[in-house]
Amino acid sequence: MKFSLSWLRAHLDSDWPAQRIADTLTAIGLEVEGLSNPADALAPFKVAKVLSAAKHPQADKLQVLSVDAGDGPVQVVCGAPNAHAGMLGVFGPPGAFVPGSGMTLKVAAIRGVESHGMMCSVRELELGDEHDGIIELPADAPVGAAFAEYARLDDIIFDVAITPDRQDCMGVRGIARDLAAAGAGTLRPLEVAAIDGAFDCAVPVTIQDPAGCPAFYGRAITGLTNGTSPEWMQQRLKAAGQRPISALVDITNYIMLDLGRPAHAYDIAKLAGGLTARAAKPGETVLALNEKSYSLEPFMTVIADDKQVHDIGGIMGGEDSGVSAATVAVMLEIAFFTPENIARTGQALALTSDARSRFERGVDPAFLDDGLAILTGLVLDICGGEASKVIRAGQAPIKPKTISFDFGHTLALGGIDVPEADQKAIFERLGFGVKGHDITVPTWRRDVDGSADLVEEVVRITGYDSIISTPLDRAPGVAHATATGSQLAERRVRRAAAARGLNEAITWSFISEAESEAVGGGEWIVANPISEEMKVMRPSLLPGLAAAARRNLDRGAGSVRLFELGRRYDRDSERQTVAILLAGDRGQRDWRLGKPRTFDAFDVKALVFALLEAAGAPVSNLQSFANAGPQWHPGRSASLGLGPKTIVARFGEVHPQVLRQLDVPAGAVAAEIYLDAIPEPRSSSRARSAFVPPALQSVARDFAFIVPPGLAAGDLVRAIRGSDKAAITDARLFDRFESSDGQSLAIEVTMQPTDKSFTDEEIGAISKAVIAAAEKLGARLRG
């Protein structure tokens, strides 16, 4: 939000310089993002008189001017149609930077005639949008004077970031109130003139949607003239970044920026009957003031007459009833719209406005009558006319809120010892009612709900820098570990993934409905999403990684290796999950292989086993199950689990249809590891067991089996490893061979003696146990 120092001082009686005010605003929670002075950029520009204007010898639309800016006549080539001898304007000398065009002036020949500067338009000096001609100043403007000083542009502009909870500071007066509470000055009283209506309002007002618009106050003003707003108002609007349009539009904008109270004016001549606040009807549309047409839905509150919709309630008025230079009678609107409904409507229409930003935060529901009186007074003072009696429909939702407050809570919770009398004074300066220990919250402070909020008010006004840094008490001795087992496992997984060349990604927990459907659909839909693309709580981490992979590949990355450790959301709870996605080339081109090799399911399988081991999963006990699910490629994916009901990971190629839906290149491989499914270790000790190397040399034997179709190699290896758990320490597949007899799998079995070396008979007995275990699965020893 932007405003000028002079505007602020209209509400705050203060002699503080701008920088001190800015520092105080930031200290009390209203961060000042910038201080600027428009006069600084316009310092080189001066008031100048055109002594003569002659036709350019080489161009019909150009003139050669003789200009005096106080230092004698200079020659200037000008193309403005309104340039003429005797006029006063704004002259930019060589070396001046023109903010509107972004160029620095220099002496240059224009169509063969030398020009020593330029006469400037309103747009070129960023004072407005007019650019049909150069600025023409009044005849009494002092030649040679600095234009910024003459135009009274020397005023500091504040740019303040207002947090969503501070709806009371969406107007200059609210900011002035906070500064007054912080000791920057005294808040000036708000003048509200009582204006009696001279006649009954001819435009009736009704409410059919009290849930969306609980209160609608209005009055008519007839016999007015909608000319230009006064210079002081235009200067303040320009300081706020607003473009002055007409007196009526400027007045409603000024009330909104000055007091945080949005208002609207309807041209009565363009209305058919009275105004009604109602829910939109299916199929209704409205042409808004931004010249765009919007399709309305039944949950939206609109203001309509007997014929059509004229206003998207609390967001934007309609073009069909907008005021113009020909307007002579208006209907003023001061209403209260429900914040939640405003936010939902604005998001659905993708429509933002200054009014919406205030209504969806919550305007002061008790400021309807006073707001209408101030609005009426400005219209009558600037536009003239005669006001009707006020017409009121509905009732504002004013709910007095009183909090019983223990003043000692400020020290206990905020860490600052503030005397009770000082705390009461702070509350009173902020507009709170104080009666003993009962604090009454003002109607404009929707954000204050309990004792902790009151502590925050005292602490921020007193100053967060007043909080004394106090170290926490520490128990004697060596500090105990605080990380839980699951946190330690997550750390190990992150390190293991990074050590294997994966890059960690952190993506949104919200995805679109289309992305959710691609991975099986989400259980949780956000009622008030940031956007339609972030509407569903993710049931899988893969859509986020897919989007990250696509962004990297689109920017020239040849190989993408990503992982993310985060939560997925199912029907019952949040599940801690690790996701991996590999896309693109596995490595660079090589003279031995030619084209780079792409990733396959075995690459991601190796990563899955490494991360599972890092997480503490019993890797040797895991079973492999074909086909990971409908989102995975059939035949090129698998699941790992401690049985069919306890799946700890899925990996392989992603289904081609899912790849297309997520816009990932074909052949990408991925994995998901479900950390919550990994059983807790039996030992709670954080210490690692000591490594004891075997005293005797191990024995390795190779076995080749002809296996039946459909027998998984993992099942065979697991059966062999379990045939003699005391003697066999490892079994691994090292060869696969297709022969006329069928598929042959070769297994290397490692046997480890303990107290003495194996005899031939013992090795033979172990070998028979291995063969017997394989035969139970239908395999036979290859001859």
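Residues are numbered from 1 along each chain as its sequence is written, and side-chain values use heavy atoms, without hydrogens and water. Because the model is predicted, local features need pLDDT of at least 70 and side-chain atom pairs count only at pLDDT 80 or more, while totals for chains, interfaces and linings use all residues.

Two packed helices are described by the angle between their axes and the distance between the axes. Here the pair is helix H14 (residues 485-499) and helix H17 (residues 601-615). Helices are DSSP runs of H or I with at least four residues; strands are runs of E with at least two. The two axes come within 8 Å and cross at roughly 150°. H14 and H17 are therefore roughly antiparallel to each other (an angle over 145 degrees). H14 passes H17 in a right-handed crossing (the near helix is turned clockwise from the far one by less than a right angle). On H14, the contact (heavy atoms within 4.5 Å) is made by Ala489, Arg492, Val493, Ala496 and Ala497. H17 contributes Leu611, Ala614 and Ala615. Seven of these residues are nonpolar, none is polar and one is charged. Ala, Val, Leu, Ile, Met, Phe, Trp, Tyr, Cys and Pro count as nonpolar, Asp, Glu, Lys and Arg as charged, and the others as polar.

Most residues other than glycine have a negative phi. Arg111 has a positive phi of about 55°. Arg111 lies in the loop between strand S10 (108-110) and strand S11 (113-115). Its relative accessibility is 52%, so Arg111 counts as exposed (over 50% relative accessible area, 1.4 Å probe, protein chains only). Ala350 also has a positive phi, near 55°. Ala350 sits in the loop between helix H8 (339-349) and helix H9 (354-359). At 69% relative accessibility, Ala350 counts as exposed.

Conventions: Axes fitted to C-alpha atoms, helices over the stretch in contact; angles between N-to-C directions. Parallel < 35°, antiparallel > 145°, perpendicular 65-115°, else oblique. Buried < 20%, exposed > 50% of the residue type's maximum accessible area, 1.4 Å probe, protein only.
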